[in-house]
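Q: I have this complex open and would like to go through it piece by piece. Can we begin with a single helix?

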2 protein chains.
Amino acid sequence: MTALDDVLASAAPRSLARDCRVFNQGETRVRAHVLVDGWIRISQSGSDGGQVVLRFIGPGDIFGAVSLFTDRRYPADADTLTDATEVSWSDKALLELMSSHPQIAINAIRIVGQRLQEAQHRVRELATQSAERRVAHALLRLTRQVGTATARGIVIRFPLRRKDIADIAGTTLYSASRILSAWERAGWLKTLDRRIAVESLPELARIADEESETEGGVIAASADRHAG
Amino acid sequence: MTALDDVLASAAPRSLARDCRVFNQGETRVRAHVLVDGWIRISQSGSDGGQVVLRFIGPGDIFGAVSLFTDRRYPADADTLTDATEVSWSDKALLELMSSHPQIAINAIRIVGQRLQEAQHRVRELATQSAERRVAHALLRLTRQVGTATARGIVIRFPLRRKDIADIAGTTLYSASRILSAWERAGWLKTLDRRIAVESLPELARIADEESETEGGVIAASADRHAG
DNA sequence: GCAGGGATTTGCGCAACCGCAATTGATTGT
DNA sequence: ACAATCAATTGCGGTTGCGCAAATCCCTGC
């Protein structure tokens with residue numbers, strides 16, 4: 001029997017409607033999931049109200065799997081952003097698969113390792129960079145991961161509220177709103193029906209990478225304009 | 001041949017002096033390391049000056065291994081905090097070990113998975129909590145990971161500068177200094193020769209967990225005292 | 001014991017950013 | 001079409017925390 005046969009034999013498929021909870025942070029009946037179709041948001045919230053979006057899951061991505069190896073509780077919430085289809089495996093099935101096909105385990109290390117590096121990169125960003133730069137980075141990553149080139153610019157595949165952007169970039173609803181509407185004013189992007197269309201990637205990249213040479217972001221610049 | 005025999009046969013041991021660089025961020029001759037003895041600091045710096053401490057490595061911990069599975073560059077710097085001994089494996093040796101002993105790969109997933117969860121937890125902390133709370137959390141983690149109970153309280157095993165604390169908690173040298181000296185004034189800890197001794201864990205835990213009910217940390221409280 | 005150099009503290013001013021509150025704009029259900 | 005709900009914007013004031021600069025502390029080497 002090939003690895004693929006084994007994998008498929010033990011998989012449990014499921015259909016999910018839009019805007020529904022796939023699993024809850026803290027839940028203990030953990031399974032390893034792979035998204036076949038659609039989009040899912042993984043977010044974590046603290047005992048205080050604080051919340052962050054950890055990542056977006058697209059077709060082909062694994063999610064919820066790490067918890068099988070740690071404390072057997074999901075570390076975050078998963079919500080569908082669109083209609084979606086997933087398959088999942090029990091801990092027992094997954095361990096058997098990995099034992100008989102070590103390459104599966106090795107691939108898993110690659111994936112988890114990449115996410116670890118991303119998370120650590122994000123830790124540095126949050127610890128050292130300004131809110132505006134973080135929003136710029138967040139948008140750049142989104143365009144790369146889930147952007148579609150159109151006549152209006154690069155459109156992000158699913159609707160995002162200001163609060164979502166804030167939770168991705170690690171700032172507040174208000175700051176996110178101010179930053180984004182400043183960029184709209186500058187003509188670098190547009191939001192239409194919660195869907196963000198980036199029209200000038202280079203400008204965002206400039207904000208994101210700038211050596212903070214007191215050139216200031218758009219917010220500071222527009223404040224100057226009011227004063228002058 | 002047992003798994004352990006295989007592992008030992010392909011290991012390369014090395015001795016390291018204190019305060020020396022084990023590997024550099026970006027280096028491409030990557031190996032998987034295990035620390036046998038001593039302590040190591042893993043830190044990441046950006047093209048701007050920004051720097052964060054990602055974690056401390058103690059006896060028995062793996063480090064630098066994830067890079068074998070991702071882009072084959074170390075994602076951070078590693079420096080010894082004490083004299084140390086490590087063993088390491090080439091990518092080839094590690095992959096062979098994992099292929100012939102899947103349990104090794106599965107254990108690796110557990111370890112990387114735990115670190116991923118820690119990193120994500122830290123992302124949330126940085127995105128949502130105050131600098132003072134983050135310093136409190138950092139100290140609590142340090143006491144748990146590398147604390148020794150003594151007559152003077154729980155002492156952290158290796159010397160830490162204020163800048164180190166700042167890089168761990170994601171704040172600045174100045175803020176870290178103000179926060180820690182406020183806590184010293186309150187009698188909750190002492191620093192002696194760069195070594196921090198925590199005398200009142202409960203107070204730190206209170207700061208770390210408080211629902212931010214405007215009870216305020218020590219900094220705000222002492223400002224009040226000056227004003228009053 | 002003394003000079004030198006890093007580490008730390010702290011006053012001060014300032015920039016970033018938070019968050020309420022009020023308004024406007026958009027979306028949905030009946 | 002209209003009310004009700006939800007999202008977004010923005011003025012304003014307040015807080016946090018950054019960061020320079022100067023003073024002090026403390027360790028190390030001579």
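Q: Which residues are buried in helix 2 of chain B?
A: Leu94(B), Leu97(B) and Met98(B) are the buried ones in helix 2 of chain B. They lie on the same side of helix 2 of chain B because they cover an arc of only 95° around the axis, the arc being that of the directions from the helix axis to the C-beta atoms. A residue counts as buried if 20 or more other C-beta atoms lie within 10 Å of its own, as exposed if there are 12 or fewer, and as partly exposed in between, with C-beta atoms placed from the backbone.

Q: And what sort of model and numbering is this?
A: The model is predicted, so local features need pLDDT of at least 70 and side-chain atom pairs count only at pLDDT 80 or more, while totals for chains, interfaces and linings use all residues. Residues are numbered from 1 along each chain as its sequence is written, and chains are lettered from A and ligands numbered from 1 in the order in which they are written. Helices (H or I, at least four residues) and strands (E, at least two) are DSSP runs, numbered from the N terminus.

Q: Back to helix 2 of chain B: which exposed residues sit on the face turned away from its buried side?
A: That face carries Lys92(B) and Ser100(B), both exposed.

Q: What about helix 7 of chain B, which residues are buried there?
A: In helix 7, residues 201–209 of chain B, the buried residues are Leu204(B), Ile207(B) and Ala208(B). They line one face of the helix, because seen down its axis they fall within an arc of 100°. Their cover includes helix 4 and strand 12 (195–198) of chain B.

Q: Changing topic, how is chain B related to chain A?
A: Chain B is superposed on chain A by a rotation of 180° with 0.0 Å of shift along its axis, at an RMSD of 0.1 Å. The two copies are thus related as by a two-fold rotation axis. The superposition is by least squares on the C-alpha atoms of residues with pLDDT of at least 70 in both copies.

Q: How many residues does each chain bring to the contact?
A: Chain A and chain B bring 37 residues each, where two residues are in contact if their C-beta atoms, placed from the backbone, lie within 7 Å. On the side of chain B that touches chain A, two or more residues each come from strand 5 (51–57), helix 2 (91–100) and helix 3 (102–128) of chain B. Helix 3 of chain B gives the most, with 20 residues.

Q: One last thing, where does Arg72(A) lie?
A: Arg72(A) lies in the loop between strand 6 (62–63) and strand 7 (77–80) of chain A, and has a positive phi of about 60° although it is not a glycine. Arg72(A) counts as exposed, because it has 12 C-beta neighbours inside 10 Å. In chain B, Arg72(B) has a positive phi near 60° as well, and Arg72(B) is exposed with 12 other C-beta atoms within 10 Å.
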